[in-house]
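Subject: Structure handover and notes

Hello,

Please find the structure below, followed by my notes on what turned up in it. Read them with the model open.

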There are 2 protein chains.
Amino acid sequence: MFKKVLVADDLLSINQGVVSVLDTLKITDVQEVQYCDDAYLKVKKAAQDNEPIELLITDLSYKKDHRNETYTSGEELVKVLKKEHPELKVIVYSVEDRLQRVRTLMNKHNCNAYVCKGRRGLIELNTAINTVYNNDTYLSPQVAAATSPKTNIEIDDFDIILLKQLSLGLSQEGISQHLQKKNLSPYSLSSIEKKINKLKTQFGANNTIHLVSIAKDLGLI
Amino acid sequence: MFKKVLVADDLLSINQGVVSVLDTLKITDVQEVQYCDDAYLKVKKAAQDNEPIELLITDLSYKKDHRNETYTSGEELVKVLKKEHPELKVIVYSVEDRLQRVRTLMNKHNCNAYVCKGRRGLIELNTAINTVYNNDTYLSPQVAAATSPKTNIEIDDFDIILLKQLSLGLSQEGISQHLQKKNLSPYSLSSIEKKINKLKTQFGANNTIHLVSIAKDLGLI
DNA sequence: TAGTTAATTACGGCTTTCCGTAAAACGAAA
DNA sequence: TTTCGTTTTACGGAAAGCCGTAATTAACTA
């Protein structure tokens, strides 16, 4: 089993729950932090000292406060850590259950597990730790659909811009002008129509309102 | 200070944090539940036995599981309890920070305090308990704007239905038929147009997409 | 009951969006 | 350069939505 584990979560009270789970797993070397930057530094330091942290359990959302931090979200933290320390196992433990977020974390950032906070959260966390230790990945049941192929939709940055502008109340004509002003192409009304139409098909939306609504639910915008 | 307090939250680990705060306030008679229904029954029972619970601290969102519950959200719980036991003090303790939700709870359901979970959550909870004990209301700073007059918008259940149906992708014609089928009035296309138009004015939305987007951001739907 | 007011519904002209088709522009490879 | 395929743009008819006006119905009051 893991020997050295780092727990990052800005709610100290939840931290305690996680630590109790680690306790039942006989993991004694457990460190806790409340800020992303602290987590980053701890991992770096441990690696440098040749006593690397084996597992990171982190939340996604950290409330901002007075501190001026480099990394302000769990996602950023995971992204950079997994890049610089691919051998570090990462379990995300969050209330967030939007599939798109989960998908990005698992597929793009190579997280090892995603556990939803909830009534069964700590139980699932227990399972996740064991599964990850055996070099497998784990997902809470309610987000298990996140990595299934059919959710695998190609959405690029341009699409996100379109959806965002729509959600801000711009007409298609208005979006066209907005894009032109920003030197983004394509910007013709016709192209915008076509792209929106494609998105509607991809998401199975009945109309543009529905499309934007879905995009918001997925956490795309 | 309060003597008898009930804590309801489906994350047992957070419960522990709340309990520790109560502990520092020398409140010894603290009960804990993880389901809304249990909270309801406890309050009823205590009132019947003439040993009423003085303060309820509750979360808003309870993950659903196998149990078939009458009350599935903190909001429902608060609504019914405040109606049947106006003398019961209620503090909502939740990660939710959407103003509309807070506003409804404070103004409509007469909550006594709203504290956002977060880094300073337990500190603010402490303040809230003291403030409520002195018959005043308390709001976490980030939601303090919730009860300011300018946020005071009149939205009724019918409006919510309209917004919901729009977000689900129905056309105005489709909504008309939906309402007619459900024997809800008014259901004419003309009335629906008019109501949507009014909502757009109220929320300062440029078009219907914008309106639904705003409604989602506010947590109305 | 009649009169007044508000809510609901109906309608028509106008704009925006929708959707299919097709032309023009662009980029890569022969 | 020519060719082929893709992307972007253009256009036009149909549908949906927008908006002002007006008729009808409901609700309330004197």
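Two rings of Phe, Tyr or Trp (for Trp, its six-membered ring) count as an aromatic pair if their centres lie within 6.5 Å; planes under 30 degrees apart are called stacked, over 60 edge-to-face, and the rest tilted. Keep in mind that this is a predicted model.

Aromatic pairs

Over all chains, the structure holds four aromatic pairs. One of them is formed by Tyr40(A) and Tyr71(A), with 5.1 Å from centre to centre and 55 degrees between the planes, and is classed as tilted. This pair links distant parts of chain A: Tyr40(A) sits in helix 2 (residues 36-48), while Tyr71(A) is in the loop between strand 3 (55-58) and helix 3 (74-84), 31 residues apart. Both Tyr40(A) and Tyr71(A) are buried.

In chain B, the ring centres of Phe2(B) and Tyr133(B) are 5.0 Å apart and the planes stand at 80 degrees, so this pair is edge-to-face. The angle is over the 60 degrees that the class requires. Phe2(B) belongs to the segment before strand 1 (4-8) of chain B and Tyr133(B) to helix 5 (residues 121-133) of chain B, so the pair ties together parts 131 residues apart in sequence. As for burial, Phe2(B) has a relative accessible area of 6% and is buried. Tyr133(B), at 35% relative accessibility, counts as partly exposed.

The sheet of chain B

Chain B has an open sheet of six strands in the order 2-1-3-4-5-6, with parallel pairing. Its edges are strand 2 (29-33) and strand 6 (138-139), each with a single partner strand, so one side of each has no neighbour in the sheet. Strand 1 and strand 2 of chain B pair in the parallel sense over five bridges. At one position of this sheet, Lys4(B) has Asp29(B), in strand 2 of chain B, as its bridge partner.

Thr58(B) is located in strand 3 (residues 55-58) of chain B. With 1% relative accessibility, Thr58(B) counts as buried. Leaving aside residues up to four places away in sequence, Thr58(B) touches Ala8(B), Gly74(B), Leu77(B), Val78(B), Val90(B), Ile91(B), Val92(B) and Tyr93(B).

Chain A overall

The secondary structure of chain A consists of nine helices and six strands. Chain A has 221 residues, of which 50% count as buried. Among contacts in chain A with a separation of 6 or more, 64% are between residues 24 or more positions apart.

DNA strand C

Which residues come nearest to DNA strand C? Of the 14 residues around DNA strand C, they are Gln172(A), Glu193(A), Thr208(A), Pro186(B) and Ser190(B). Of the atoms of DNA strand C within 4 Å of the protein, sugar or phosphate makes up 56%, and the rest belong to bases.

Chain A supplies several side chains that approach the phosphates. An N or O atom in the side chain of Gln172(A) is 2.6 Å from a phosphate oxygen of DNA strand C. For Asn197(A), a polar side-chain atom lies 3.1 Å from a phosphate oxygen of DNA strand C, and the side chain of Lys200(A) has an N or O atom 3.1 Å from a phosphate oxygen of DNA strand C. Two or more residues of the surface near DNA strand C come from helix 8 of chain A, and likewise from helix 8 of chain B. By type, the residues of that surface are two nonpolar, seven polar and five charged.

DNA strand D

DNA strand D is surrounded by 14 residues, the closest being Pro186(A), Ser190(A), Gln172(B), Glu193(B) and Thr208(B). Sugar and phosphate account for 57% of the atoms of DNA strand D within 4 Å of the protein.

Phosphate oxygens of DNA strand D lie 3.1 Å from an N or O atom in the side chain of Ser188(A) and 3.3 Å from an N or O atom in the side chain of Asn197(B). A polar side-chain atom of Lys200(B) is 3.1 Å from a phosphate oxygen of DNA strand D. The elements giving two or more residues to the surface near DNA strand D are helix 8 (189-203) of chain A and helix 8 (189-203) of chain B. The residues of this surface divide into two nonpolar, seven polar and five charged.

Regards

Terms used
Residues are numbered from 1 along each chain as its sequence is written. Chains are lettered from A and ligands numbered from 1 in the order in which they are written. This is a predicted model: local features need pLDDT of at least 70, side-chain atom pairs count only at pLDDT 80 or more; totals for chains, interfaces and linings use all residues. Side-chain values use heavy atoms; hydrogens and water are left out. Helices (H or I, at least four residues) and strands (E, at least two) are DSSP runs, numbered from the N terminus. Buried means under 20% relative accessible area, exposed over 50%, partly exposed in between (1.4 Å probe, protein chains only). A residue is near a molecule or strand if one of its heavy atoms lies within 4 Å of it. A polar contact is a pair of N or O atoms within 3.5 Å; within protein, one must be able to donate a hydrogen and the other to accept it, and residues adjacent in sequence count only if both atoms are side-chain atoms. Ala, Val, Leu, Ile, Met, Phe, Trp, Tyr, Cys and Pro count as nonpolar, Asp, Glu, Lys and Arg as charged, and the others, Gly among them, as polar. Two strands pair if DSSP finds at least two bridges between them. Contact means heavy atoms within 4.5 Å.
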